[in-house]
Amino acid sequence: MTGGRILAFFIGAATFVAVALGALFPIPSAVVSAGSGTSLLRPPSSPQVAVETLVDQIRRRDWDAAYQSLSNRGEFTEEQFVRDLTGAYSSLRSYAALDGFDFTPLHASADAAEMRVSLRWSTVVGTFQDVRNLRLTRTGDQWHVAWPIVLEPRVPPQVIPVNYLRWDVIYRGPEDDWGAQDVESPHVRIVDMHPVDRGGGVTLLGELLNEDVVPAFVSVKATLLARDGKAIATEDAFDEISHVLLPKQVTPFRIDFPGVRLAAVDSVRMNPSSSLVAASADPVIAVEDQKMTGLPQPTLTGQLENQSGQVVNIAHVLATLYDNNGQIVWVTDQYANRALLPGTPLPFAIGIPADIASRVSRYRVVTSSYTASRFQ
Amino acid sequence: MKAHYQSVLAGCLIAAAAACTASQTNSLQFPSTIEAGTPFSVSTTGSGGAVLYIVGPGQVIRRELHRGETVAFGQGEIHSAGHYAVVLTGSSPAETAELDVTAAQQPSALSFLAKPSRLPVDEHDGISGVAYVFDAFRNLILKPADVSFDLSEAGKPAVAQTAQTHNGVAWVRLDSAPKAGIAQFEARAGNVTEKRIVQQVPGEPCQLRMNAHGAGGRIAVQTDPLLDCRGNAVPDGTIVSFKETFSGGETTVDVPLKRGVAQTTLPAHDGALISVATGVVMGNEIRWQGGR
């Protein structure tokens, strides 16, 4: 009993000391993340301090201060600077919060330096990285950052004629007789599915086809069953799937079961579901110049091109990777953090796990899109 | 609360009636079977006050009377079909009798289940129609009755089939037509008609072909009008996937059919192989060579 009290006392004391040290001598990125950036409002007497100060101002959305601190602000307006960071059109970037950053010195001399800063933005669908190479110059005893502006293209005012195709649905009403038919749910079919053992868990990979002539809102739920027939776990494909399928459209899906051993799984019960949904056949998004780069950082790259006349606020890119037998080896995705403008290519890059990249023989990329007023 | 009291009372009366069946007398006189909703009367004999109960499915009727009186029940007063207990209290033991109420013969409502509401053309027995025949009081008419089923499309003769009800239900199975379109599926019993819509849609695309030509430094690809094996036009909105494979990369576009064809443009790469597919149906391939 006495030993336990002594141990509790030491743990409590050690925690107190650690908290006190962290509060008195925080690391800079922790200060930025914690939001008490005032301690960083100090003269940019070194390249590192200049970058930290700028990032803190961006995190606090103190655009004016951030813009005024730049050495190359004559090359662009404050509005363009803000658009670079938050997006000219409403997009994932517009609702993102700067979650943290890392930087790497690339080059340094007495009067100039170059640093690579990786800004980590958090959004409702995960995080994305914004990597910039910053040039810094010394003026007197202060360092200033030259911001590598990315000018988002603006679509010139114009009229783009589009033949829109749209489905609307009238469902049965509560006053209808019980025999009154309702509109039939779309017929969907799983055309491929198999489990893989990966990352200390089981992952189900597959593809779902809308074989009907109407659009479908789809989801796939799966239950892993043990030999005695008992359910081990039930999960669904959350966002590793394209939920709205037009007629004859195929979506990949991935369902993760963390912490489940494949050896314990006897069978899988798949439950694809579909319901009618009002949808539009547009916008059409081409995925151009798809390429896969190999090790050390396997990446699937390409460009999204919006072939329709409306701005796509958020584009979701889903990639299905196949081996040389045509079997799916992985499904991965990424959200574009900038809006997709009509006729304006937007690059994307999806990281592929290194152990899987060597088995990939071909791939298929599909997109789904979200606009501010509706989703498709 | 009142309803609860009535159910308890009804339960007690049914139990009492069952117990007294052996001592049933003939002082109660009424038809043993009536149609739901028809007027009828119950005659009693003897003298003194009494209470008449008629207890049945979903209905309990209580009447105070003097023995020797005739109690009349009006049109629609007893409307639920089923087996009723008639109990006359006021003497010991209570007098009991039984009454059967059958559904009216005249169909007044149909519950018509037509499935599915949408199916591919040319499916044998693909359409199912089930009709439940009810009288004016929503009693299922158990006596056999004829129900006619008509599947009709504009400009074509209707497919008609008649089925007799079994225990109030009649059903048919019909083939879907070879041509796509909206069909009206109608069930009729007596003067009652119910209509449903069945959408007969094209089947899988039968031949998928595309052509390609140069267009301002890009390749414009367009499919031929997409038809199923019966010659029906595949509906607009159906996704057609174009894929262009070239040295070191590829481009894919999922395009919906509009006005029967799918079209898009792809980057021009000499030697590129362009393929097209929709769902699980593959189309032709084109090798793009120097702008041809």
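Predicted model: local features only at pLDDT ≥ 70, side-chain atom pairs only at ≥ 80, totals over all residues.
Which residue stands opposite Y132(B) in β13(B)? I looked it up: V169(B) holds that place.

**Entry 1: two strands of chain B**

I followed the pair further. Strand β10 of chain B covers residues 127-134. It pairs with β13(B) in the antiparallel sense, over six bridges. I reminded myself that strands of a sheet pair through backbone hydrogen bonds, either parallel or antiparallel.

Next I checked the side chains of β13(B), residues 169-174. They alternate. A170(B), V172(B) and L174(B) point to one face and are buried.

**Entry 2**

I looked at A131(B) next. I set aside its neighbours within four places in sequence. A131(B) is then in contact with L110(B), F112(B), V147(B), A170(B), A187(B) and A189(B). The largest nonpolar core has 134 residues. Within this core, L304(A) and A131(B) touch the most other members. Strand β16 of chain A, residues 314-322, gives the core its largest share, six residues.

**Entry 2: an open sheet in chain B**

I traced a five-strand sheet in chain B. It is open, and its pairing is mixed. The strand order is β1-β7-β6-β3-β4. Which strands stand at the edges? They are β1 (33-35) and β4 (59-66) of chain B. Each has a single partner strand, so one side of each is left without a neighbour in the sheet. Neighbouring strands here are turned by 25 degrees against each other on average, direction ignored.

Strand β3 of chain B, residues 49-56, runs antiparallel to β4(B), and eight bridges join them. In β4(B), Q59(B) is the bridge partner of G56(B).

**Entry 3: chain B as a whole**

I counted the elements of chain B. There is one helix, and there are 24 strands. The chain has 292 residues, and buried residues make up 34% of them. I also looked at contacts between residues at least 6 apart in sequence. Of these, 58% join residues at least 24 apart.

Chain A is divided into domain 1 (28-146), domain 2 (166-279) and domain 3 (282-370). The C-alpha centres of domain 1 and domain 2 of chain A lie 43 Å apart.

I picked L205(A), in strand β7 of chain A, residues 201-210. Is L205(A) buried or exposed? It counts as buried, because it has 23 C-beta neighbours inside 10 Å, and the cut-off is 20 or more. Leaving aside neighbours within four places in sequence, L205(A) has contacts that include H194(A), R254(A) and W330(A). D176(A) is 29 residues from L205(A) in sequence. In space the two are 41 Å apart, C-alpha to C-alpha.

**Entry 4: where the chains touch**

Last, I turned to the contact between the chains. Here 29 residues of chain A are in contact with 31 residues of chain B. On the side of chain A, β14 (285-293) and β19 (362-370) each supply at least two residues. β14(A) gives the most, with six. This side of chain A divides into 15 nonpolar, six polar and eight charged residues.

Three bridges join it to strand β21 of chain B, residues 249-256, and the two run antiparallel. Which residue of β21(B) does V287(A) stand opposite? I found T252(B) there.

Terms used:
Residues numbered from 1 in each chain as written. Chains lettered and ligands numbered in written order. Domains from an automatic or database assignment. Contact = placed C-beta atoms within 7 Å. Helix = DSSP H or I, 4+ residues; strand = E, 2+ residues; numbered from the N terminus. Nonpolar A, V, L, I, M, F, W, Y, C, P; charged D, E, K, R; others polar. Pairing = 2+ DSSP bridges. Buried ≥ 20, exposed ≤ 12 C-beta atoms within 10 Å, placed from the backbone. Core = buried A, V, L, I, M, F, W, Y, C linked by C-beta atoms within 7 Å. Axes fitted to C-alpha atoms, helices over the stretch in contact; angles between N-to-C directions.
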